[in-house]
Amino acid sequence: MSVPDDAVVRPGSRVDEALSRVLGERTAAPLAKLGLRTTGDLLRHYPRRYTEPGTFTNLTDLAVGEHVTVQAEVRQVTVREMRSRGGAMLQAVVTDGERTLQLTFFAKRRGVLRVHEQRLVPGRTGLFTGLVSDYRGQRQLTHPDYQLIGVDADDEAAALVEASRPIPLYPASASVPTWRIQRCVRTVLDPLTDDDLPDPIPTEVRSARGLVGLREALTDVHEPFTDDQWRRGRDRLRFEEAFVLQAELARRRQLAAGSPAVARPRAVGGLLDAFDARLPFTLTDGQLAVGAELEVELAGAHPMQRLLQGEVGSGKTVVALRAMLQVVDAGGQAALLAPTEVLAAQHVRTLRALLGDLAEGGFLGGDDLSTRVALLTGSQGASARRENLLDAASGRAGIVVGTHALLSESVQFADLGLVVVDEQHRFGVEQRDTLRAKAAQTPHLLVMTATPIPRTVAMTVFGDLETSTLSEIPAGRSGVTTVVVPADNATWVARTWQRVREEVEKGGRAYVVCPRIDPDDEQSVSRRRTASSRGAADDEDGADLLSWDATAAPADGPGIDEPGIDAAGHGAGPPPRRPLRAVLEVADELRALPVLAGIEIGTLHGRMAADEKDRVLADFTAGRVPVLVSTTVIEVGVDVAAATAMVVLDADRFGLSQLHQLRGRVGRGTAPGLCLLVADAPDGSPAAARLATLAATTDGFELAAVDLELRREGDVLGAAQSGGASSLRLLRVARDGAVIERARADARAVVGGDPDLRGHPVLRAAIDRLLVGEREEFLDRA
């Protein structure tokens with residue numbers, strides 16, 4: 001009998017029992033090293049894949065030093081005395097039908113090896129696990145653990161049954177082979193009843209979707225008799241993961257929708273109307289449509305919660321500015337939170353340039369309708385900071401742009417009505433909520449991201465926000481040509497710098513992007529990645545640098561039918577990497593190149609003071625320093641219309657989305673852009689495929705989908721940030737869009753009728769488990 005949805009979830013239930021109590025300390029200790037400490041942990045440790053008894057592992061590509069599990073047939077066994085070192089040695093040869101693998105056992109006396117000699121009979125099939133080594137050109141496992149299929153059973157009838165069933169292969173370790181995990185799972189699962197396993201999916205949802213109960217699903221995946229059975233269980237558990245996550249997102253959305261907010265309707269004849277009348281260009285249809293959505297929601301009595309995403313150069317800033325002006329017209333203020341000082345300063349320059357005298361409130365020559373745009377950063381001088389703080393607190397500044405400095409206690413607003421968060425993924429929940437708390441009532445929220453997000457990711461990570469998308473590029477842009485330059489081809493590299501000179505001579509500007517600041521800064525990438533997970537500092541360089549690097553080996557998270565794992569259950573690790581190119585080093589090299597003689601070369605990075613960064617960008621924009629060697633600090637927001645060329649060094653070390661953002665810094669004016677990706681990416685490598693994809697298309701949404709496929713789910717759901725395994729075991733965002741869609745609809749219906757989930761305590765408990773540790777903060781970043 002299934003547990004009713006209003007059942008009480010009691011602490012200390014059987015799924016919370018310690019494995020040391022159920023299995024004994026000796027058996028439980030090695031399982032704990034896999035993170036499996038309770039009955040529930042073990043039951044949710046799903047098989048990675050299944051193998052059929054007659055299907056052998058391809059033994060071709062076993063890598064030395066890896067711990068593997070292979071299925072093979074015993075071909076021959078020999079036992080001999082070792083004269084040189086004493087004792088005896090048993091050597092067994094197993095085969096996949098074509099290739100062979102050697103199993104070696106040593107013992108002081110030949111009799112000790114008799115048990116292996118009796119069991120490893122030629123013709124028998126088994127699973128063999130151990131560390132791959134090489135002996136005289138032959139791959140071998142020394143003292144492997146093994147299980148013989150159809151032999152290791154209590155009786156002949158049981159052996160026949162076992163020999164015909166799919167064999168689950170679990171994520172395992174040297175101390176706990178896959179079959180030992182399987183035995184432990186059976187020991188734990190078999191005595192449990194439906195009452196011991198409360199189901200987080202309500203009965204009506206299971207019935208409508210034709211899903212089996214939790215107890216049956218766990219039996220299906222751990223103890224299947226047919227392939228259809230484990231697929232049925234997997235599909236049900238996959239839906240459960242999507243449903244629990246979507247229920248939490250729906251709950252958050254419901255809570256936000258129920259909060260009161262000050263309505264900010266559009267005013268006739270106000271700043272927004274004046275701004276629209278002076279625009280020197282025509283808004284795209286997409287900008288107009290999204291603007292209309294924002295206009296309606298800002299006029300509502302409940303806070304707007306909206307994600308604005310778009311293609312590089314699609315005009316998100318103009319859309320956000322129009323929303324901010326609507327709020328200012330209604331008597332409120334808008335705060336724009338940016339992750340870096342460079343981006344914050346760029347936003348201020350852009351907003352003031354777009355507004356003209358509408359941004360000169362209180363100054364001579366300012367329009368009667370005008371307001372002010374204030375900037376607050378951590379490195380500001382005392383005088384400028386005092387003035388901007390006063391403008392924000394008094395309300396003279398209708399728009400306040402800043403970095404994390406906006407979050408300090410000294411920053412106050414007269415009437416904060418709208419919070420715009422740029423590059424939301426670089427901020428934590430506490431930072432965002434600190435800013436929102438500066439309003440008397442919950443302000444409206446507009447989250448912007450410059451990285452196009454596949455729909456499945458938007459549903460999963462930003463599921464509590466309404467999504468608006470800009471896909472059109474404003475008229476007049478000439479586009480960007482992208483070329484991959486082999487780093488080891490001197491002719492191509494020389495031509496790269498010649499092209500830079502040609503662009504400069506035509507009046508253009510050129511960026512040269514490096515992954516780090518100086519040659520001795522070997523830990524900079526690691527430090528930046530760590531800082532990114534905590535919320536980037538004002539001077540952060542490229543907060544996501546290398547975090548989306550698809551050449552890294554996939555996380556070893558459990559999952560049925562998981563892609564990217566070969567038949568042996570192992571994968572090759574990344575090769576050793578050469579040192580990354582550095583800004584200061586490259587700048588010196590370029591100044592010494594004859595082809596660039598007479599051209600001023602500047603540098604820009606996050607360790608520079610704010611005024612120095614501003615000076616460098618001003619010189620670059622004006623053409624006084626037409627070549628700028630920079631870190632990824634210029635990745636988003638920097639808008640120099642004359643920039644026509646970009647050279648990315650070590651391009652193979654960056655993810656697709658980040659390269660696309662970098663490329664978006666050129667070709668923003670009427671002149672065409674050129675992006676040269678200098679890379680060490682051998683033909684056939686993942687990096688080469690990634691760069692070829694980038695060169696073939698400028699469609700950011702297509703690239704984002706490919707990037708998601710390449711880098712897998714760990715980063716999408718915060719595993720890289722939290723340092724742990726992904727909380728999703730079976731669900732794959734890139735693959736399971738239809739599942740997520742169905743789960744989202746069902747979750748919203750359930751939460752709509754029970755916002756606090758008081759009638760669904762099992763679901764509430766499942767959400768609490770999902771949000772354990774830092775996972776809640778990751779979801780809150782959305």
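Predicted model: local features only at pLDDT ≥ 70, side-chain atom pairs only at ≥ 80, totals over all residues.
A crossing of two helices is called left-handed if the near helix is turned anticlockwise from the far one by less than a right angle, and right-handed if clockwise.

Residues are numbered from 1 along each chain as its sequence is written, and side-chain values use heavy atoms, with hydrogens and water left out. Helices (H or I, at least four residues) and strands (E, at least two) are DSSP runs, numbered from the N terminus.

I begin with a helix pair. The crossing of α11 and α12 is right-handed. Helix α11 covers residues 285–298 and helix α12 residues 316–329; they pack at about 30°, with axes 10 Å apart. Axes here are lines fitted to C-alpha atoms, for helices over the stretch in contact, and angles run from 0 to 180 degrees between N-to-C directions. The two helices are therefore roughly parallel to each other, a term for angles under 35 degrees, while those over 145 count as roughly antiparallel, 65 to 115 as roughly perpendicular and the rest as oblique. Contact, meaning heavy atoms within 4.5 Å, involves residues including Val290 and Leu294 of α11 and Val319 and Ala323 of α12.

Next comes the sheet. Six strands form an open sheet in the order β16-β21-β20-β17-β19-β18, with parallel pairing; two strands pair if DSSP finds at least two bridges between them. Which strands stand at the edges? They are β16 (480–486) and β18 (601–604), each with a single partner strand, so one side of each has no neighbour in the sheet. From one strand to the next, the twist averages 20°. Strand β16 is joined to β21 (residues 673–679) by seven bridges, and Thr481 has Leu674 in β21 as its bridge partner.

Two helices accompany this sheet. Helix α17 (residues 490–505) lies across β16, β17, β19, β20 and β21, running at about 150° to β16. Helix α21 (residues 656–663) touches β16, β17, β20 and β21, and its direction makes about 150° with that of β20.

Finally, consider Val586, which lies in helix α19 (residues 583–591). Is Val586 buried or exposed? Val586 is buried, with a relative accessible area of 1%; buried means under 20%, exposed over 50%, and partly exposed in between, using a 1.4 Å probe and protein chains only. Not counting residues up to four places away in sequence, Val586 touches Val512, Cys514, Arg581, Val629 and Leu649.
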